[in-house]
Structure formats: C-alpha cells, structure tokens
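Subject: Structure for your review

Hello,

Here is the structure you were waiting for. My notes follow below.

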Amino acid sequence: MTATVRSAARVLDLLEHLAGHAEGASLSEASEALGLPKSSTLMLLRTLLARGYVSRDAADRYRLNETFRTHGFGWGGHRHARLIALAEPVMERLCETVGETVLLGAAEAGAVKILAKEVARQNIRYDVDLAVPSPFYCTAMGRVLVAFSPPAQREAMLTASPRVKLTPATVTRLETLRTIVEGVRERGIAIVEEEYALGGTGIAAPIFGPDGAILATLDIGCVTPRFQVKRAAILTALAEAAEALTRNLAMQDDA
C-alpha cells in the first residue's frame with residue numbers, strides 16, 4: 001500500500017518544479033520534468049492557473065505566482081496569500097479600465113489592512129503605504145467592512161480607533177456613522193469624499209467568501225475632481241470587478 005496519493009503528488013511536484021524555476025516553464029518543459037503526458041500536465045497547469053497558484057505570460061510560460069513565492073501559500077505564511085493572488089488580475093484590469101489606483105483591504109487588528117495595490121499611471125494619482133493601516137470610520141474600505149460584518153461587531157469596529165477629524169469633511173459622530181453604514185449595506189458600495197485625505201475620494205465594494213461572509217473589500221482611490229467626471233463609469237466597473245472576484249473565490253471552493 002502506497003503512502004502517497006498519485007494525483008496529489010503530481011500537483012505538489014509541479015508546484016515544487018515551478019518554485020525552483022523563477023523563469024517559469026513551458027508546457028513541454030513541465031511535462032518532461034514531471035515525466036507526464038502533455039495532456040495530463042496541461043490539466044494540472046490549468047487547475048493551478050484557475051486557482052491563482054500560477055500565472056501564464058504571453059509566451060505561454062507558467063510561473064509560480066509571486067504572491068506565493070513571497071508570502072507562502074497561506075499555510076502558516078500570509079493568510080491572505082490566495083486572496084491576493086486571485087485578486088491581482090482583477091485589480092490590474094480594473095486599474096486599466098478606470099485609470100485610477102485600486103486597493104484590496106481586509107479587517108485586521110482593529111483597522112483596515114491594505115493587502116495589495118495597483119497604482120494608476122497618472123501624473124497625479126492616489127497612492128498609499130501598504131504598511132500603514134486605515135481606520136474603519138472614515139474610509140470607504142472601512143465602512144464596507146463594517147457594513148457587511150455581523151451586527152454584533154459593527155459598533156466595536158466603528159469605535160476601534162479615536163474618531164478624530166482628519167479633514168474638515170470627516171464624519172465623527174457615532175449616530176451619523178451608524179446611518180451611513182446602513183446606507184452602505186443597502187447600496188452595496190461606499191463613497192468617501194475627502195474625509196480621510198484632502199483631494200482624495202475612496203469608492204469601495206465588498207468581496208465575499210464562499211461561505212457568504214465578507215472577506216475583503218476592493219477599493220478605487222481617486223483624485224476627487226476626476227471622480228466627479230468619471231463617477232458612473234467607476235461605480236459600474238468597481239461593482240463588476242468585486243462581483244467577479246467573489247465568483248472566482250466561490251469557484252475555487254467548488255473546484
């Protein structure tokens with residue numbers, strides 16, 4: 001009786017091969033390295049590609065996703081590694097579509113942790129430091145995370161940090177914030193204009209996990225005057241991207 005499952009071993013062999021070759025591998029090279037038919041290797045590669053573990057470039061070379069190379073697989077490494085890997089292509093397309101910076105955030109340690117960003121190629125653009133957490137009460141990402149969290153957690157999230165006026169527009173009154181959060185939950189999107197930073201507008205939508213609970217939030221960081229011009233296009237593109245990422249996560253759970 002063998003101590004290994006052949007199909008599982010093949011997947012691990014392929015991941016280990018790609019992890020050891022930063023330049024990636026073509027289908028032929030991977031097939032030869034594993035001693036498998038091209039058809040079987042292709043099915044393995046397609047599965048890993050669909051689940052975000054590998055990427056494929058224009059030359060049809062497969063590489064281990066850099067998120068996993070840097071952070072591990074979420075198994076004792078970065079617990080959001082798989083989410084980030086699946087989100088990256090969605091964020092890249094959204095950034096290109098709207099021409100604005102795209103952020104991915106999640107609730108962690110009483111604040112919004114920004115997990116990844118795709119910065120717009122504009123002369124004047126919105127950008128953030130990934131190492132700096134953001135408050136829940138006055139950011140679009142924070143309000144989305146609060147709105148779709150269980151009711152028992154919402155109050156604690158809104159009061160997790162001192163509610164100070166960061167700009168003249170910042171809302172700090174708890175009763176008003178509760179009303180705003182309810183509106184975010186009804187609309188499925190949060191818009192925060194110049195409450196966190198003067199000149200900047202955040203627009204965020206929820207990302208749900210396979211169990212239906214909120215997992216993260218997708219955000220567009222925009223220079224306020226441009227948001228006023230592109231408002232309808234930004235809202236539509238963001239909603240579509242967030243729904244696509246939620247579907248992708250559900251598909252991976254079913255795979």
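Among contacts in the protein between residues at least 6 apart in sequence, what percentage join residues at least 24 apart? The figure is 56%, a contact being heavy atoms within 4.5 Å.

The model is predicted, with local features needing pLDDT of at least 70 and side-chain atom pairs counting only at pLDDT 80 or more, while totals for chains, interfaces and linings use all residues. Residues are numbered from 1 along each chain as its sequence is written, and side-chain values use heavy atoms, with hydrogens and water left out.

Overall: nine helices and seven strands make up the count for the protein (DSSP runs, numbered from the N terminus: helices are H or I of at least four residues, strands E of at least two). Of its 255 residues, 45% are buried, meaning under 20% relative accessible area with a 1.4 Å probe, protein chains only. Along the principal axes, the C-alpha atoms fill a box of roughly 65 × 45 × 30 Å.

Cavities: the search of the whole structure gave one of 30 Å³ or more (a set of points on a 1 Å grid, over the protein atoms alone, where a 1.4 Å probe fits but cannot get out; lining residues have an atom within 4 Å of a point). Two or more lining residues come from each of α6 (140–147), β6 (200–208) and β7 (214–223). β6 gives the most, with three.

Regards

Key:
Buried < 20%, exposed > 50% of the residue type's maximum accessible area, 1.4 Å probe, protein only. 1 Å grid on protein atoms, 1.4 Å probe; cavity = no way out; pocket = protein on both sides within 12 Å on 5 of 7 lines; lining within 4 Å. Points joined across faces, edges and corners; volume = space filled by probe spheres on them.
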